[in-house]
Amino acid sequence: MRGLSRLEPDWKIRPFLPGDAPAVRRLVESVWHEHFHQHPDPFVRDFIYTRLSDVDSAQTTYGDRALFLCAASEGEIVGSGAIKSLDHRECEMARMFVASAYRNRGIGRAIADELIRFARTAGYDRIRLSSNNSLAASHRLYERLGFQPVPAWDPGGETYSRYYALRISNPRR
């Protein structure tokens, strides 16, 4: 039945490639600007601009037991997300951004699912992440994925952020 067939998405998830850094940087800056360009605290407003060196050096920062993914549509990067190793048992989900015109298409969920699958396969026990307090849609996604609120690991971070963790292996290991 033609009306019941599922359409293929107009985007694909793929690994970060050499040369992707400028486009990912533009995506991150655009999403940050969308949400925080008028934030009263300059710390929040300018936070992302001082913390994008990991994108510029992604080949090494996200190298060993790590993964950086991009969602691409018609050659344009419209989403990103990464798993970064913290130690042999714990990793961090970071750089989860989706361009506003591409939200509500399952891109964030698809990236997160791939990152969780990767972390599980890589042998991690736990994934942590932090997210700005005002990003309610992101929090709903993380909670649907099974992430649970945890205490802040950055001193004073709870002022602006929520902290989550997801146990992905047998805790009796």
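Is Cys70 buried or exposed? Cys70 is buried, with a relative accessible area of 0%. This is a predicted model, and the values below are computed from its atoms.

**The cysteines**

Cys91 is likewise buried, at a relative accessible area of 0%. A disulfide needs two cysteine sulfur atoms within 2.5 Å. The sulfur of Cys70 has its closest cysteine sulfur in Cys91, 18 Å away, so the gap is too far for a bond. Cys91 is in no disulfide either, its nearest cysteine sulfur being that of Cys70. The disulfide count is zero.

**The sheet**

Seven strands make an open sheet with mixed pairing. Their order is S1-S2-S3-S4-S5-S7-S6. The edges belong to S1 (12-15) and S6 (148-149). Each edge strand has a single partner, so one side of each is left without a neighbour in the sheet.

Helix H1 (residues 21-36) packs on this sheet. H1 touches S2, S3, S4 (90-98) and S5 (126-132). The direction of H1 makes about 95° with that of S3.

S2 covers residues 67-73, and S3 covers residues 76-85. S2 is mostly covered, with six of its seven residues buried.

| Strand pair | Sense | Bridges | Bridge partners |
|---|---|---|---|
| S1 and S2 | antiparallel | four bridges | Pro15 and Leu69 |
| S2 and S3 | antiparallel | seven bridges | Leu67 and Ile83 |

Cys70 also has a residue opposite in S3, namely Ser80. S2 and S3 form a hairpin, with two residues between them. Glu74 sits in that turn and has a positive phi of about 50°. In a regular strand the side chains alternate between the two faces of the sheet.

**Asn132 in strand S5**

Asn132 belongs to S5. Is Asn132 buried or exposed? Asn132 is buried, with a relative accessible area of 11%. A polar atom of the Asn132 side chain lies 2.9 Å from the backbone nitrogen of Ser134. Leaving aside neighbours within four places in sequence, Asn132 is in contact with Trp32, Phe36, Val44, His139, Tyr160 and Ser161.

**Helix H5 and Arg120**

H5 runs over residues 107-121. The helix has 15 residues and reaches 21 Å from its first C-alpha to its last. That span is close to the 21 Å expected at 1.5 Å a residue. The buried residues of H5 include Ile107, Gly108, Ala110 and Ile111. Ala112, Leu115, Ile116 and Ala119 are buried in H5 as well. Gly123 follows H5, and its phi is positive, near 95°.

Arg120 lies in H5. Which backbone oxygen does the side chain of Arg120 reach? The side chain of Arg120 reaches the backbone oxygen of Ile168, at 3.4 Å. Arg120 is partly exposed, with a relative accessible area of 48%. Exposed would require over 50%, so Arg120 at 48% is classed as partly exposed. Arg120 and Pro42 are 78 residues apart in sequence. In space, their C-alpha atoms are 37 Å apart.

Conventions. Residues numbered from 1 in each chain as written. Predicted model: local features only at pLDDT ≥ 70, side-chain atom pairs only at ≥ 80, totals over all residues. Heavy atoms only, no water. Buried < 20%, exposed > 50% of the residue type's maximum accessible area, 1.4 Å probe, protein only. Polar contact = N/O pair within 3.5 Å; in protein donor to acceptor, adjacent residues only side chain to side chain. Expected span 1.5 Å × (residues − 1). Pairing = 2+ DSSP bridges. Contact = heavy atoms within 4.5 Å. Axes fitted to C-alpha atoms, helices over the stretch in contact; angles between N-to-C directions.
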